Amino acid sequence: MELIKTFMKRQKANMELRKAFKNAGIFLKYKNGDKELKIFPRIHQVNFDKKAKTTFYIFTLVNGMDPKEVMKKDYVFKQHFGKNIDLKGDSKTFKLTIYQTSMPKLLPYKFNEIKAILAPYRLGIICGVDRNGQYVGFDLLKQPHILIAGETGSGKSTQLRSILTTLIKMKRPEDLQLYLGDCKKSEFHIFRKVEHVKCVLSNPVEIRSMLKHIKKELDERSDLTEAFEVSHIDHIPAQFKRPYIIVCIDEFVMLRKDETVMDILTEIVAIGRTLGVFAVLSMQRPNAQVLDTTIRANLTVSMGFKLRDKIESRIVNTPGADEIEVDGRFIMNNDRLYEIQAPLLEMEDAKELLSPFMVAKEAKKVEEPADIAPDLTEKDVFLDVTDET
Ligand SMILES: Nc1ncnc2c1ncn2[C@@H]1O[C@H](COP(=O)(O)OP(=O)(O)OP(=O)(O)O)[C@@H](O)[C@H]1O
């Protein structure tokens, strides 16, 4: 009985795909007497993965069919099978995966669930839930440095808020220090009094001083690893132990004209991993000139929230981010591509979660170097930048 049911299901799925081929015009015609017949791609496999809640097809094109046409017509597959599909292929063989669970449009932030997911990691970063309804997280020690991009209102700040709140709740202040640069002066104030947070700065001159301090720290850590002949800062003797450092800068393009800042950021992403120093950078308008190739190559994880167009999606390495329609939805690239719904952690809820970590702090005074840079606006920053095509 079960066999017959599966057979019927497979037949139905075959017919569905043929219908999609027909509507997409993916077939060859030939005449047999008076009759005009259609030849469709050959469907080799239809599999149902109950656990992953997916159906996938393997099909091959017959000679004479243009593979580019198949990729171009992926919208027809979406019309047939819903938006949650994935089509991959080469010159002849294609795999079409259909995800049956649609992702939640809203994923409330639940610390206890997230904690369990991140427990195996030394520096766990929460991302959200994928198309299969599974949480996705990763270890910043293994995949260092993150780029978060997305147009205004797409969910970047919310994602930063949940990543930082989670880190604070999972790590002790002696194991993790956070240095926060808030060029838009809008978001990070809720972290100001948290024990792990060394500073929250929005003035470009202060951010530069902070990065110079980090540069000194990088040099000292390099000396330590060299002196103890170890390949990672975690392996130096306990009495010299250094905490992990995360430098997080919201809208870092505002600082792009400051060479010192950009040089230090480049150094952090180039050598920070083994020294336990990491960068999380966010930006609204990805631009190839701002994301100089060295920085881009070393940001091993990209999160592309809703982006303006395909060019921006390409710069961030998150294809499809320009098609996103849901708040808090993003494409993540960390060697693999995922579509993910980020948890929604509202500001007030974050404050409550952070309250046990609040300590009295003196307002931080950062010594200003003699060359005081004026506050930059986004307009100033982009004046000389042209979009990459
Ligand atoms: N993960 C999420 N799930 C559901 N809704 C979200 C999520 N993240 C953000 N939103 C909604 O989108 C709004 C804007 O989010 P957020 O402030 O994070 O965007 P942003 O990209 O940082 O914008 P800006 O660059 O202007 O600061 C939020 O107020 C919330 O209503």
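Reader: What classes of residue make up the shell around the ligand?
Author: In this predicted model, the shell around the ligand is made of nine polar, four nonpolar and two charged residues.

Reader: And which residues come nearest to the ligand?
Author: There are 15 residues around the ligand, and the ones that come nearest are Thr152, Gly155, Ser157, Thr158 and Gly328.

Reader: Which helix gives the most to that shell?
Author: That is helix 5, which contributes three residues to the shell around the ligand. Helix 5 covers 156-170, and both this helix and strand 18, at 343-344, supply at least two residues each.

Reader: Switching topic, which residues touch the most other members in the largest nonpolar core?
Author: The largest nonpolar core has 76 residues, and those touching the most other members are Leu180, Ile214, Val247, Cys248, Ile268 and Phe330.

Reader: What does cysteine 248 touch, then?
Author: Leaving aside residues up to four places away in sequence, cysteine 248 touches Leu160, Leu164, Leu178, Leu180 and Val280. There is also a second, separate core of 13 residues, with Ala20, Phe59, Val70 and Tyr99 among them.

Reader: Which residues of helix 1 are buried?
Author: In helix 1, the buried residues are Leu17, Ala20 and Phe21, and what covers them includes strand 3 (42-49), strand 4 (54-60) and helix 3 (74-81).

Reader: How far does helix 1 reach from its first C-alpha to its last?
Author: Helix 1 runs over residues 2-24 and reaches 33 Å, which is close to the 33 Å expected at 1.5 Å a residue.

Reader: What follows helix 1?
Author: Glycine 25 follows helix 1, and the phi of this glycine is positive, near 70°.

Conventions: Residues are numbered from 1 along each chain as its sequence is written. This is a predicted model: local features need pLDDT of at least 70, side-chain atom pairs count only at pLDDT 80 or more; totals for chains, interfaces and linings use all residues. A nonpolar core is a set of buried Ala, Val, Leu, Ile, Met, Phe, Trp, Tyr and Cys residues joined through C-beta atoms within 7 Å. A residue is buried if 20 or more other C-beta atoms lie within 10 Å of its own, exposed if 12 or fewer, and partly exposed in between; C-beta atoms are placed from the backbone. Two residues are in contact if their C-beta atoms, placed from the backbone, lie within 7 Å. A residue is near a molecule or strand if its C-beta atom, placed from the backbone, lies within 6 Å of it. Helices (H or I, at least four residues) and strands (E, at least two) are DSSP runs, numbered from the N terminus. Ala, Val, Leu, Ile, Met, Phe, Trp, Tyr, Cys and Pro count as nonpolar, Asp, Glu, Lys and Arg as charged, and the others, Gly among them, as polar. The expected span of a helix is 1.5 Å times one less than its number of residues.
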